[in-house]
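Have the sequence and the 3D view ready, and follow along section by section.

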Amino acid sequence: MTSFCADHSFSILLTVLRGEGLIAKDYGISSDPYIVVHVEHLGRHTTIGETSVVSQTLDPVWSDETARFKLEGLGPTSKVRLSILDRDFGGLVEPEPMGQVYFTVSTLLSSGEPRGNPNFWLNVVPTDGCECSGRLQVRIIPEKALRNQHMWHSLGDTKPRNMRKLTAGPGVTSNLQLLPEADVWRLASAANTPVFLHVYDVGHSGTVSNINNVTENIALGGIFHGAIEVHGREWSFGGCKQNRCGIFNVLPRKCPMHSYRETYYLGDSGLISEGSVNAIIKGMSSEWMGDTYVLLRKNCCTFSHELACQLGVGKCPAFIDRLAGIGAGLADAQAGIDAGLADAHSVVQETVVSFQAAFGFTGADTGQDGGQEAVGDDAMFESDLNLHFFELICIIRIQRKFRAERSTRHTTSKRAGRAHVRAPRIRGNVTRHVDRAVNKTVRTLNQLSKPR
């Protein structure tokens, strides 16, 4: 943590959390942004320090100590300027300006909504006429607000018995398998406000657990429920039909709707009180209403990513919602795929329904109130999730086959000197491709469903 000292008593703890939609400086595609912190007080300009560089992104997230600064000696008119720069060639050339954020601390603190929320979004403005875009999120905590607060929570010398596999998250180490479990627990025990991600297998089906055991190891992701623990409570998000907040909390690793699997230590949120955490979540509530839940795009895992960023520990491991991302990508592609693939999709959906009995998937009456109405039930029964996973595998295999055919035909057309590449004749081969994909998927699921 970097300090700025002077003979005054007004001090703050400043954390740069993340940027969003910053301008692209590298060939109009991406940037390598970092932040330089400046303080202007009584006509004196002081450069405090800089954050680390986040490479090749327009939405950087900071989770290390370089993004945390202690600013002392501030007055009511003191101003803080955050300069956003793009580093090129490892810093060997002059960095390019990407804009700046400029604010008076006292004014910003008086405008916080809801009351007590230490996180603020600030729009980026031009620096010396340069083009800019986007915004920055920062956390500001007056040091006096930390007085008389017990910030450190003892976790004990050993992890709880009901906590299974414990791994360091991406904000703690770049290699999720690098640190031994005992070392990860020691890091968490020494933190001011440790933050954990608890991962569950969706529902209580052994089939889902077996599928996740395989797909997690082949970088496909899985059917997971994610939740964030901070200050002894576990927070997550679920869907409901009523217009009410979908954020809920339970005791750590005790979500009754899913099967606890493993835990990741995401990092130290810093000197942030339980009241501040509650204010952050209250500030998120309007954006996370239960009726806005979307299985593939806005779910418990995307909420966990968002809350982790708001707490200053970076994002969760990418695998927890990778399968949902694949599904969302397939949905986006539907508008652009050819008629043959659309037919294949339809055939696969019909095939999925016909395999319900064979796999023991009883389905669910989604027209009735019940499981889907409960906040945190992920808006879908576990049987539907199994079928959805089955369908995804079929579609992925069919798409790969069609892409291979397109590539072959494109190459053949180029060799023949034809400028126009004819679309592959897929429609007549749909049934054959579907049969092969379904049969292979059935064999795979049969193997995964066997107890281990």
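## Ground rules and overall make-up

Helices (H or I, at least four residues) and strands (E, at least two) are taken as DSSP runs and numbered from the N terminus. This is a predicted model, in which local features need pLDDT of at least 70 and side-chain atom pairs count only at pLDDT 80 or more, while totals for chains, interfaces and linings use all residues. Residues are numbered from 1 along each chain as its sequence is written, and side-chain values use heavy atoms, with hydrogens and water left out.

With that settled, the secondary structure comes to ten helices and 15 strands. Of the 452 residues in the protein, 50% are buried; buried means under 20% relative accessible area, exposed means over 50%, and partly exposed lies in between (1.4 Å probe, protein chains only). The protein exposes about 21500 Å², and carbon and sulfur atoms supply 51% of that area. Accessible areas come from the Shrake-Rupley method with a 1.4 Å probe, and for residues only the protein chains shown count as cover. A contact means heavy atoms within 4.5 Å. Among contacts with a separation of 6 or more, 73% are between residues 24 or more positions apart.

## Aromatic pairs

The structure holds nine aromatic pairs. Rings of Phe, Tyr and Trp (its six-membered ring) pair if their centres lie within 6.5 Å; planes under 30 degrees apart count as stacked, over 60 as edge-to-face and the rest as tilted. One of the pairs is Phe-196 with Tyr-265, which is tilted, at 5.6 Å centre to centre and 50° between the planes. Phe-196 belongs to strand S11 (residues 194-201) and Tyr-265 to strand S15 (residues 259-268), so this pair ties together parts that are 69 residues apart in sequence.

Next comes Tyr-264 with Phe-319, a tilted pair at 5.7 Å centre to centre and 50° between the planes. This pair links distant parts of the chain, 55 residues apart: Tyr-264 is in strand S15, and Phe-319 is in the loop between helix H5 (300-310) and helix H6 (322-333). Tyr-264 and Phe-319 are both buried. Elsewhere, Phe-237, Trp-288, Tyr-293 and Phe-303 form one aromatic cluster.

## Salt bridges

Twelve salt bridges are found in the structure, each being a side-chain nitrogen of Lys or Arg within 4 Å of a carboxyl oxygen of Asp or Glu. Among them is the bridge between Lys-159 and Glu-181, at 3.9 Å from N to O. Lys-159 sits in the loop between S9 and strand S10 (165-168) and Glu-181 in helix H2 (residues 181-190), so the bridge ties together parts that are 22 residues apart in sequence. Lys-159 counts as partly exposed because its relative accessibility is 23%, and Glu-181 is partly exposed at 32%.

Another bridge joins Arg-261 and Asp-201, whose closest N and O atoms are 3.0 Å apart. Arg-261 is in strand S15 and Asp-201 in strand S11, so to speak distant parts of the chain, 60 residues apart. Both Arg-261 and Asp-201 are buried. Salt bridges that share partners join Lys-165, Asp-201, Arg-261 and Glu-262 into one network.

## Asn-119 and its neighbours

Asn-119 lies in strand S8 (residues 119-123) and counts as buried because its relative accessibility is 8%. Which side chain does the side chain of Asn-119 meet in a polar contact? The partner is the side chain of Gln-310, at 2.9 Å. A polar contact is a pair of N or O atoms within 3.5 Å; within protein, one must be able to donate a hydrogen and the other to accept it, and residues adjacent in sequence count only if both atoms are side-chain atoms. Leaving out residues up to four places away in sequence, Asn-119 touches Leu-17, Gln-137, Val-138, Arg-139, Ile-280 and Gln-310.

## Two loops

Pro-126 lies in the loop between S8 and strand S9 (135-142). Pro-126 counts as partly exposed, at 46% relative accessibility. Beyond its neighbours within four places in sequence, Pro-126 is in contact with Gln-100 and Cys-132. Pro-126 and Met-98 are 28 residues apart in sequence, with 7.5 Å between their C-alpha atoms.

Leu-92 is found in the loop between strand S6 (79-86) and strand S7 (96-104), and is exposed, with a relative accessible area of 76%. Together with Phe-89 and Val-93, Leu-92 makes a nonpolar surface patch of about 380 Å². Patches are made of residues with over 30% relative accessible area and no salt bridge: like charges are joined within 9 Å, and nonpolar side chains (Val, Leu, Ile, Met, Phe, Trp, Tyr) within 5 Å.
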